[in-house]
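Morning, everyone. Please look at the model on the screen while I talk.

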Amino acid sequence: GKIGIYMIVSYILVIFLDPLKKFLARITDDIFFKDRIDYQAALQDMSVIIAKEIDLEILLTTLKDALRSKLKLKAADIMVRRDHGFTSLATDKTARKALRSDNPLIEYLYDKKELIITDEFSRQTYDMPESDERHKKQQVLDELERQGIEFCMPVVLEGDLKALIILGQKQSGDIYGNEEVRFFNNLAP
């Protein structure tokens, strides 16, 4: 009777519910997360680039371009320590930038050797009471804004600052968060 029908209906629901849930999840993922970045895959791609390329100039240019496209960024650069500061070794000479060691940003990074996310750094600076430290941080902030830097990761080897990974805005306009921090903590060594 009725109980038999209920049993059959519930049995059919149980059988079809899981595939239906998976199907709906896939559709909603496609709609809502089509721009989501697969950081694990990106990290593997970067590792392959690093393993294959011997020429530092080509390596850094390839890495920089890969970061920009895979992480969907408006700009990315990798600067290496040279004589009097840091230089980007882009193969295109006109794209080369340099930051001298007396630049407020470089002085700060030599001193602190810590990751800077400009948004956060800006908030911390504005929340500080007026002091020498705040004035120094304000100079660093001015430099970050002048250079269009949203994220700056120092690459430190045995306590020594060797390079900088510099990122501009994300194409999505989103701010940088934990996912990027984890990604670059894995990539930097």
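First, a term: on a 1 Å grid over the protein atoms alone, a cavity is a set of points where a 1.4 Å probe fits but cannot get out, and lining residues have an atom within 4 Å of a point. This is a predicted model, where local features need pLDDT of at least 70, side-chain atom pairs count only at pLDDT 80 or more, and totals for chains, interfaces and linings use all residues. Residues are numbered from 1 along each chain as its sequence is written, and side-chain values use heavy atoms, with hydrogens and water left out.

Which residues line the largest cavity? They are Ile117, Thr118, Asp119, Glu150, Asp174, Ile175 and Tyr176. The space inside is about 30 Å³, a volume being the space filled by probe spheres set on the points, which are joined across faces, edges and corners. The lining has three nonpolar, one polar and three charged residues. Here Ala, Val, Leu, Ile, Met, Phe, Trp, Tyr, Cys and Pro count as nonpolar, Asp, Glu, Lys and Arg as charged, and the others, Gly among them, as polar.

Now the pocket. A pocket is an open set with protein on both sides within 12 Å along at least five of seven lines. The largest pocket holds about 330 Å³. Its lining has 16 residues, and Ile50, Leu60, Leu63, Val155 and Ala188 are the closest to its centre. By class, 15 are nonpolar, none is polar and one is charged. Helix α3 gives the most to this lining, with five residues. Helices (H or I, at least four residues) and strands (E, at least two) are DSSP runs, numbered from the N terminus.

On to helix α2 (residues 39-52) and helix α7 (residues 178-187). Their axes come within 11 Å and cross at roughly 25°. Axes are lines fitted to C-alpha atoms, for helices over the stretch in contact, and angles run from 0 to 180 degrees between N-to-C directions. α2 and α7 are therefore roughly parallel, the word for angles under 35 degrees. Contact means heavy atoms within 4.5 Å. Tyr39, Ala42, Leu43, Met46 and Ile50 of α2 meet Glu179, Glu180, Phe183, Asn186 and Leu187 of α7. That contact has seven nonpolar, one polar and two charged residues.

One last pair. The axes of α4 (residues 104-112) and α6 (residues 132-147) come within 8 Å and cross at roughly 120°. The contact uses Pro104, Leu105, Tyr108 and Lys112 of α4, with Glu133, Lys137, Gln139, Val140, Glu143 and Leu144 of α6. Five of these residues are nonpolar, one is polar and four are charged.

Methods: Angles under 35 degrees count as roughly parallel, over 145 as roughly antiparallel, 65 to 115 as roughly perpendicular and the rest as oblique.
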